[in-house]
Amino acid sequence: VFVTFDDIRLSPEGIAWDADTGHLFTGSFLLRKIVRITPDGAVSDFADSPGDGLGAILGMWVDAARRELWAASGSTSMEEMTHPAELLRYNVETGELVARYPVPEADRVLLVNDVVVTPDGTAWLTESLAGRLYRVPPGAEALELFLELPQFGFANGIAASDDGGTIYVAHAEGLSAIDSKTGAIERVVPQGEFTLVSADGLSWVDGGLVLVQNQPSLNNRVVWVDLDPTGRRATRLRHLDIGLQEGLDPYTSAVGEGFVYVTASPPIDAEADLEGFPPPAIVRLPL
């Protein structure tokens, strides 16, 4: 356990790593703020995030090259829109909220979920309930709908290859690889007796992917999946021993300096009675 949070209602879901400083950032689903964790485990609110009118914070990404923090902010309910669905862009050094990118189709309940930024500075965002992939190209002032993904059950975690040419999206049925130029979609096929279904967190590392498969039927596991040179076939799956305390579920991951950092929380539900559950934490696993 790298850090344990004092407030049981913090409900960390998304997590991001700043390669320049070694800081971690995680967002609170229920308290609607962003916190920073220093390399020695000290936790503090990120700038004025509690006063920025945020919704539930899910996916996050630090674009270290441009010193920006991106975060998905939205509803705390999947039945009604308690807060606008939007992508946020912060100056990671000053904490200034630089821009808000609302999802343009706000006529239904939406769940903006996870974020990644490719080397060219394009931010990519999954939306789970309608099944969509959005992007904000460098210099753009609004979210663009890149792809409709009705064939995906609950588009969730997102990661990108080193060159940004392939965007990986996790969904109920497994993993799919999307060409970031053409939008062509290809399923990532397991080459063995293992499954890639129902991943939440998704992180790219060393030509492969770390999946947080937070399903009881899969024992809430964290796995490292090797890919072949095409990036379209999964050749091997290795289990990473997370050893979570009973009552905590893993959610998403961030990779930094030879470790995978995984958020772990009691049930993330605004209506849940959390009495008796252990406090949320971030677990650090060596690669």
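**Exercise 1. Work out the secondary-structure make-up of the chain and how compact the chain is.**

Step 1: Count the DSSP runs, taking helices as H or I over at least four residues and strands as E over at least two, numbered from the N terminus. The chain has 25 strands and zero helices.

Step 2: Take the radius of gyration over C-alpha atoms and compare it with the globule rule, 2.2 Å times the number of residues to the power 0.38. The chain comes out at 17 Å, close to the 19 Å given by the rule for 287 residues, so it is as compact as a globular protein of that length.

A word on the model: it is predicted, so local features need pLDDT of at least 70 and side-chain atom pairs pLDDT 80 or more, while totals for chains, interfaces and linings use all residues. Residues are numbered from 1 along each chain as its sequence is written, and side-chain values use heavy atoms, without hydrogens and water.

**Exercise 2. Trace the open sheet of five strands.**

Step 1: Pair two strands if DSSP finds at least two bridges between them. The order is then β18-β22-β21-β20-β19, with mixed pairing.

Step 2: Find the edges. β18 (189–190) and β19 (202–205) each pair on one side only.

Step 3: Look inside. β21 (residues 221–227) runs antiparallel to β22 (residues 233–240) over six bridges, and V223 has H239 of β22 as its bridge partner.

**Exercise 3. Find the share of buried residues and the extent of the chain.**

Step 1: Call a residue buried under 20% relative accessible area (1.4 Å probe, protein chains only). Buried residues make up 59% of the 287.

Step 2: Along its principal axes, the C-alpha trace spans about 45 × 45 × 40 Å.

Conventions. Buried means under 20% relative accessible area, exposed over 50%, partly exposed in between (1.4 Å probe, protein chains only).
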